[in-house]
Amino acid sequence: MHESTPCWNRELEFMAPDQLRALQSDRLCEVVKLVYEKVPYYRQKLDDAGVKPQDIKGVDDITRLPFTTKEDLRKTYPFDLFAVPMEQVVRIHASSGTTGKFTVVGYTDRDVDTWAEVMARTLAAGGTHRGDLVQNSYGYGLFTGGLGAHYGAERIGASVIPTSGGQTKRQVQILQDFGSTVLCCTPSYALVIGEVGEELGVSFKDLPLRVGFFGAEPWSATMRQEIESSLHAHALDIYGLSEIIGPGVGFECLEKAGLHINEDHFYPEVIDPVTGETVADGEMGELVFTTLTKEALPLLRYRTRDITRVIPEPCGCGRTLRRMRRVTGRTDDMLIIRGVNVFPSQIEEVLMGIEETTPNYVLVVDRKPRGMDEMEVQVEVSEKTFSDEMSRLETLSERIQSEIESTLGLRVSVRLVEPKTLERSMGKARRVIDRRDLGE
Amino acid sequence: MTAIQVSVFLENKSGRLAEVTHALAEAGVNIRALSLAETIDYGVLRLIVDKPLEAKQALNGAGFTVTETEVIAVEMPDRPGGLAGIVDLLTQRGLNIEYLYAFVGQRGENAIVIFRIDNVSEAVSALQGGGVHILSADELSAI
């Protein structure tokens, strides 16, 4: 039965667990040696932790290694964690960060190749093959989504249609006229495509679309049902983060029962985010990854701040790659809205630029049934910003809206509220109210 | 020659207007006239009161966002065409009326119109030039 499971790399995806562990151990020793020799920042970090490369003999020793955090990336901005000279870096991606600084990631030739491999596995697990038309509606650019899916689909030999995001009517037209069989985009955008298509009178059940790969933002089982009934295609979850490689870190197979981790390349751990201790197998905690094969930006025990758990039981598809449950939470208050990382501090900065004082605000995130994530920024009206003329108040909220949009690249709605109406707890304003019910 | 209007920011939720009126009552402030402008989310309550300073303090104390606005209060004959003549005086000078609202005075013969105009001094001279009676703050309080 497993022979019929669609896959890209049968040898590695179905490798015997003890063999896989041996491979991971070998690769871990290599990567520790690599960063110790090539990255002064890591040498210092390991020295501070009192660990020498020769102390690490396999994955059982991994807990001796220090964690890497977003803060480490900030301190080494932009390139100081790179383990190769720029001559060997063939690609740089970046994502927005808390302090306005990017999180910068680099790839060597071999890293790009690895990325194509893990994305090929991801797409093949949903049945993508040569001859498929892959409509790639992830954004192309600094964001890893677009090019990641692109290279994976090309690796398979599928025909890629690089539509990138936006222009939904055009997306629907291409889906219909070209007969795309595979769709890649964020899950909320998949719903938008479905809705717009419906408005345009498209009958999705008569289209050849077979499967979609949806990631870059958290979503739920309910949403899967909505997408599947709207698009008449399988909806599969994919997971990744640019620091580790981009999309392709984890993927769902057609069993739709959690995401297989490409753990021959990315070694997963789940820790208690407060103590840093590894949690028992199958327990919830913060997901941590060590890159086992990356050359340009190898990371040891990188704290993703994503909350999930590893599913220890074997999967019905026969893959031995362990699975993780879909990510539903974050360890900090960062919000992912329609695939965009949003930090409350960014909103605060925008508001301060307008009011020149620390404003009181609350972010309310919601997702309407069958809708995209929506964020409402509630801003308290101060005597400084208040005008008795309605047109000025309207102008104020429009200005806040447009400045947030240009900072975050995200359209939000703005509501002006009375002072002191915003919830506060323990003397500190509660800045975020997330009403999205992501469920299981 | 101008009057002070007290403007209050109000979220559209039940009970807020009542809280404004109670805060003013407790402070012994008498409301002479009011107007409410609104959007879906919020409204602006504009008040002409006998004691603007006390009103602002009372409302601030109750947690409202309040601002004072300079407006022009005009007395005009309460008959057809009364308002038209006054508006003409302003538009002839190219003055833009942000908003206005009217109420009938206690004597019943004259109506009182509150104008909010950006260029206050120009508006005052236009109205006075046309022989219109502008109420002083004291006169307005005494109505």
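A residue is called buried here when its relative accessible area is under 20%, exposed when that area is over 50%, and partly exposed in between, with a 1.4 Å probe and protein chains only. By this criterion Cys29(A) is buried, at a relative accessible area of 19%. The model is predicted, so local features need pLDDT of at least 70 and side-chain atom pairs count only at pLDDT 80 or more, while totals for chains, interfaces and linings use all residues. Residues are numbered from 1 along each chain as its sequence is written, chains are lettered from A and ligands numbered from 1 in the order in which they are written, and side-chain values use heavy atoms, with hydrogens and water left out.

Chain A holds an open sheet of nine strands with mixed pairing, in the order β4-β3-β5-β6-β7-β8-β9-β14-β13. At its edges stand β4 (159–161) and β13 (310–311), each with a single partner strand, so one side of each has no neighbour in the sheet. Strands (E, at least two residues) and helices (H or I, at least four) are DSSP runs numbered from the N terminus, and two strands pair if DSSP finds at least two bridges between them. Within the sheet, β8 (residues 246–252) and β9 (residues 259–261) of chain A run antiparallel and are joined by three bridges. Here Phe251(A) stands opposite His260(A) of β9(A). Helix α5 (residues 109–125) of chain A packs on the sheet and touches β5 (182–185), β6 (211–214), β7 (234–241) and β8, its direction making about 30° with that of β8(A). Contact means heavy atoms within 4.5 Å; axes are lines fitted to C-alpha atoms, for helices over the stretch in contact, and angles run from 0 to 180 degrees between N-to-C directions.

Gly127(A), with a positive phi near 95°, follows the helix. Helix α7 (residues 168–179) of chain A lies across β3 (133–136) and β4, running at about 175° to β3(A).

Not counting residues up to four places away in sequence, Ile311(A) touches Ala257(A), Gly258(A), Arg323(A), Met324(A) and Arg325(A).

Strand β10 (residues 266–271) of chain A has six of its six residues buried, so β10(A) is largely enclosed by the rest of the structure. Phe266(A), Pro268(A) and Val270(A) point one way from the strand, and Tyr267(A), Glu269(A) and Ile271(A) the other. Six bridges join β10(A) to the antiparallel β11 (residues 285–291) of chain A, with Glu269(A) opposite Val288(A).

In chain B, seven bridges join the antiparallel strands β2 (residues 31–38) and β3 (residues 42–49), and a hairpin connects β2(B) to β3(B) through three residues.

As for the cysteines, the structure holds zero disulfides over all chains, a disulfide being a pair of cysteine sulfur atoms within 2.5 Å. The sulfur of Cys317(A) is 3.6 Å from the closest cysteine sulfur, in Cys315(A), too far for a bond.
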